[in-house]
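My notes follow in the order in which I looked things up.

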Amino acid sequence: MIAREEILGWLTEVNEDTLEGLWTRADDARRNAVGDDVHLRGLIEISNHCVRMCHYCGLRAGNRDLTRYRMTAVEILSCANAALQYGYGTVVLQAGEDPGITREWMAALIRQIKHETGLAITLSLGERRIEELAVWRESGADRYLLRFETSNIDLFRQIHPSRTGQTEVDRIGLLKELRRLGYEVGSGVMIGIPGQTYLDLANDLYLFRELDLDMIGVGPFIPHPETPLATQSKLVGNGSHGQVPNSELMTYKMIALSRLVCPNANIPSTTALATLNIKGGREMGLQRGANILMPNLTPPRYRVHYEIYPAKACIRETAEQCHGCMRRRIEMLGRKVGIGPGNALTTIRRANGILSGRKRLTPKPSGNRF
Ligand code: SAH
């Protein structure tokens, strides 16, 4: 494991020639661990309803300006079938924290997607009850994404208030439960949250390692005008007083360092990164440690309303356009589109007992995973 001092050194490095060393190391680590395949995960933003009041997110319940939608099961299935047709191995079903997505409705949908497409299914539905997560796993969901957003607990509590009458949020505890339930587990952070320091980012990387994550998603914090953090980010300024900037460069550094601390993880080059640099952000992410892209399958009429942050990349494209664009981008880099579900090496090794020395909970065996 890289020492904290070295991580802090990279995070604050500004010399471009020196940084080349980091990019090369991350790219080598990526090639050695997960190879040249770039796996495509078709993203379906199934609902933008949300009961939470997160200070960073445009979907927060307090945002009355947003037109709310929830896709029907038929619409979602048709997107999943498109994913199959495009050759993607996985669909990611993401939403705000929406009680309208009930345990039974979701379980039936998961079963139907599995039955019709056989694709790997990733869920990203926020903090749901363990009993719901268990049922969805039983129904065929393979993976769960839940970013812990920052390992700085005080900062997390400020930007992610608990719901009234509910106990303090413990996303890290929930990630451990997800592992116990046999999910492949993904998490990650936002970069440049007002009040976030370089030491916080170094600690985030240590936590990625400690949780032995299968998937790591990092992206720049992008202020949304209808959220409290937008005002705060103006006050804090960018890059002053040890504040981490929410920059493209800082995002590449975090992708590269994530690859070095968790070589076997699946790491996407995220949409938030593409939003900062639509021309080359995705490619640069792939060249600095990432091995996953997430083309958007959400129908454009809904996509415009999934406004986590403003001016999201590819907001008006159709699934067809996204598909062609991603494939071209991958081939231009001399990489190839991965075939099959693209399970995390971490899970495969864990199941085979190769990662020894640490006490582990064995994932539940599942027919089509390997
Ligand atoms: N409700 C689910 C999933 C939707 S949000 C959940 O909370 O997990 C998915 C991710 O988008 C969040 O985890 C957060 O890291 C990111 N996000 C939210 N608002 C953002 C913003 N303003 N800028 C950048 N990323 C943001």
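**Salt bridges, core and ligand**

I began with Glu 168, which counts as partly exposed at 48% relative accessibility. My cut-offs: buried is under 20% relative accessible area, exposed is over 50%, and partly exposed is in between (1.4 Å probe, protein chains only). I noted that the model is predicted, that local features need pLDDT of at least 70 and side-chain atom pairs pLDDT 80 or more, while totals for chains, interfaces and linings use all residues. Residues are numbered from 1 along each chain as its sequence is written, and side-chain values use heavy atoms, with hydrogens and water left out.

Next I looked up the partner of Glu 168. The side chain of Glu 168 meets that of Arg 157 in a salt bridge, 3.6 Å from N to O. A salt bridge here is a side-chain nitrogen of Lys or Arg within 4 Å of a carboxyl oxygen of Asp or Glu. Arg 157 lies in helix α6 (residues 153–159) and Glu 168 in the loop between α6 and α7 (171–180), so the pair ties together parts 11 residues apart in sequence. Helices (H or I, at least four residues) and strands (E, at least two) are DSSP runs, numbered from the N terminus. Arg 157 is partly exposed too, at 40%.

I then noted a network: salt bridges that share partners join Asp 27, Asp 28, Arg 30, Arg 31 and Asp 36. How many salt bridges does the whole structure hold? I found 22.

I checked two further pairs. Asp 98 and Arg 70 meet at 2.7 Å, N to O. They are 28 residues apart, each in a loop: Asp 98 between β2 (90–95) and α4 (103–117), Arg 70 between β1 (37–47) and α3 (73–86). Asp 98 is buried at 1%, and Arg 70 is partly exposed at 36%. Glu 75 and Arg 301 form a salt bridge at 3.0 Å, N to O. Glu 75 is in helix α3 and Arg 301 in helix α13 (residues 300–303), so this pair ties together parts 226 residues apart in sequence. Glu 75 is buried at 19%; Arg 301 is exposed at 51%.

**Arg 137**

Arg 137 is buried and has none; Asp 142, the nearest side chain of opposite charge, is 4.5 Å away. Lys and Arg count as positive, Asp and Glu as negative; His and the chain ends are not counted. A polar side-chain atom of Arg 137 lies 2.7 Å from the backbone oxygen of Ala 141. Another entry gives 3.2 Å to the backbone oxygen of Leu 181.

**Core**

I turned to the largest nonpolar core, which has 96 residues. Such a core is a set of buried Ala, Val, Leu, Ile, Met, Phe, Trp, Tyr and Cys residues joined through side-chain atoms within 4.5 Å. Helix α10 (residues 248–261) gives the largest share, eight residues.

**Ligand**

Which residues come nearest the ligand? I listed Tyr 56, Arg 147, Glu 149, Ile 222 and Ile 308, out of 18 around it; a residue is near if one of its heavy atoms lies within 4 Å. A ligand nitrogen is 2.9 Å from a polar backbone atom of Tyr 56. A ligand oxygen is 2.9 Å from a side-chain N or O atom of Arg 147.

Methods. Polar contact = N/O pair within 3.5 Å; in protein donor to acceptor, adjacent residues only side chain to side chain.
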